[in-house]
Protein chains: 2
Amino acid sequence: MNTRGRHLLVEYTGCTAQALNDLKRIEQLMNQAVRAAGATVVASVFQPFEPHGVSGVVVIEESHISIHTWPEHGYAAVDFYTCGQADPEIAHEFLAAGLGAAHAEVMYVDRGMGAEGRNLRLRSHRAEHCGADDHALIEQSAAPLAI
Amino acid sequence: MNTRGRHLLVEYTGCTAQALNDLKRIEQLMNQAVRAAGATVVASVFQPFEPHGVSGVVVIEESHISIHTWPEHGYAAVDFYTCGQADPEIAHEFLAAGLGAAHAEVMYVDRGMGAEGRNLRLRSHRAEHCGADDHALIEQSAAPLAI
């Protein structure tokens, strides 16, 4: 089986605190995001954290997606790692809307054994405004964005 | 709670096929790696894949570690994402030895809300030989390594 995958590391900020602390809703959102991306759920585990926050992972046939939330900061760290035809960008759009994120920062990494060269390749690093209806790209680079 | 975390994306190659297809041993290795890194297991899920391979995630108090293996390629894709004092480099050394990896390629990403600037920062990208007793750095850069 082909080892090639696409991994989005996403940092959501300006999220609704309530959304980030609602374990059941986050689990539902993550499962919906998997299906929207064309991936298949295998198993999942979601845990509340004290005093706030949620950690959860959905193992999918195409790898996994994970979330860790800090409601007190309006912040969530999410990974979308998919192999095959599933599209992690769709899962990202779905989560951004569901969490009410104001901004997203995304590192897009290609993974997996190639015919030659590296297995890990930073495809892009970008910052986005997240609106109710669309995402507006603020900045994007094929290299890491400057601090 | 502080949002700062360290995330290692690791690609192991030249691994023992048998090691990559042994679900129980991989689960044990991953749990041992978590403890060696000074982290605390919260929950875990491991699944076999047909015809080969294993996918597994350990949710830890400090975020998560995950693994996906392709025994037929001697390849495993692993993520070590830890917040707080846990050290993902120790978990990486533990896994490399346990999987019998010949090489590792590592992207080291700092995550979490800073006082200013980006949430995602590529700290380094490196390639290593993995021996039974030590790791020998082949190449390291603060920027993405060239293909």
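Visitor: Hi! Which residue is the bridge partner of A:Gly5 in E5(A)?
Guide: Hello! The partner of A:Gly5 is A:Cys83, which sits in E5(A). Keep in mind that we are looking at a predicted model.

Visitor: Okay. How many bridges do E1(A) and E5(A) have over their pairing?
Guide: The two strands pair over 8 bridges, in the antiparallel sense.

Visitor: What holds strands of a sheet together in the first place?
Guide: Strands in a sheet are paired by hydrogen bonds of the backbone, and the pairing can be parallel or antiparallel.

Visitor: So in which order do the strands of the chain A sheet come?
Guide: Follow them as E2-E3-E4-E5-E1-E6-E7-E8; these 8 strands of chain A make an open sheet with antiparallel pairing. At the edges you find E2 and strand E8 (135–141) of chain A, each pairing on one side only.

Visitor: By how much are neighbouring strands turned against each other there?
Guide: On average by 15°, if you ignore direction.

Visitor: I also see helices. Which strands does helix H2 of chain A touch?
Guide: Helix H2 (residues 23–36) of chain A packs on the sheet and touches E2, E3 and E4 of chain A. The direction of H2 makes about 155° with that of E2(A).

Visitor: And what does helix H3 of chain A touch?
Guide: Helix H3, residues 88–98 of chain A, also packs on the sheet, where it touches E1, E4, E5, E6, E7 and E8 of chain A. Its direction makes about 15° with that of E1(A).

Visitor: Let's switch to chain B. What is the strand order over there?
Guide: In chain B, 8 strands form an open sheet, ordered E2-E3-E4-E5-E1-E6-E7-E8 and paired antiparallel. Strand E2 (41–48) and strand E8 (135–141) of chain B are the edge strands.

Visitor: Can you give me one bridge to look for? What is the partner of B:Val58 in E4(B)?
Guide: Look for B:Ile65, the bridge partner of B:Val58. Strand E3 (residues 54–60) and strand E4 (residues 63–70) of chain B run antiparallel and are joined by 6 bridges.

Visitor: Which strands does H3(B) lie across?
Guide: H3(B) lies across strand E1 (5–13), E4, E5, strand E6 (103–111), strand E7 (121–130) and E8 of chain B. It runs at about 15° to E1(B).

Visitor: Where is B:Gly84, then?
Guide: B:Gly84 is in the loop between strand E5 (75–83) and helix H3 (88–99) of chain B. Leaving aside neighbours within four places in sequence, B:Gly84 is in contact with B:Arg4 and B:Arg6. B:Gly84 and B:Met1 are 83 residues apart along the chain, and their C-alpha atoms are separated by 9.5 Å.

Visitor: New topic: how many residues of each chain are in contact with the other chain?
Guide: There are 52 residues of chain A in contact with 52 residues of chain B. The area buried between the two chains is about 4400 Å², with carbon and sulfur atoms giving 66% of that.

Visitor: How many salt bridges are there between chain A and chain B?
Guide: The count is 6. B:Glu11 and A:Arg111 form a salt bridge, with their closest N and O atoms 2.7 Å apart.

Visitor: Which element gives the most to the side of chain A that touches chain B?
Guide: That is E5(A), with 6 residues. By class, the side of chain A that touches chain B has 27 nonpolar, 15 polar and 10 charged residues.

Terms used
Residues are numbered from 1 along each chain as its sequence is written. Chains are lettered from A and ligands numbered from 1 in the order in which they are written. This is a predicted model: local features need pLDDT of at least 70, side-chain atom pairs count only at pLDDT 80 or more; totals for chains, interfaces and linings use all residues. Side-chain values use heavy atoms; hydrogens and water are left out. Contact means heavy atoms within 4.5 Å. Buried area is the accessible area (1.4 Å probe) that two parts lose on being put together, summed over both. A salt bridge is a side-chain nitrogen of Lys or Arg within 4 Å of a carboxyl oxygen of Asp or Glu. Helices (H or I, at least four residues) and strands (E, at least two) are DSSP runs, numbered from the N terminus. Ala, Val, Leu, Ile, Met, Phe, Trp, Tyr, Cys and Pro count as nonpolar, Asp, Glu, Lys and Arg as charged, and the others, Gly among them, as polar. Two strands pair if DSSP finds at least two bridges between them. Axes are lines fitted to C-alpha atoms, for helices over the stretch in contact, and angles run from 0 to 180 degrees between N-to-C directions.
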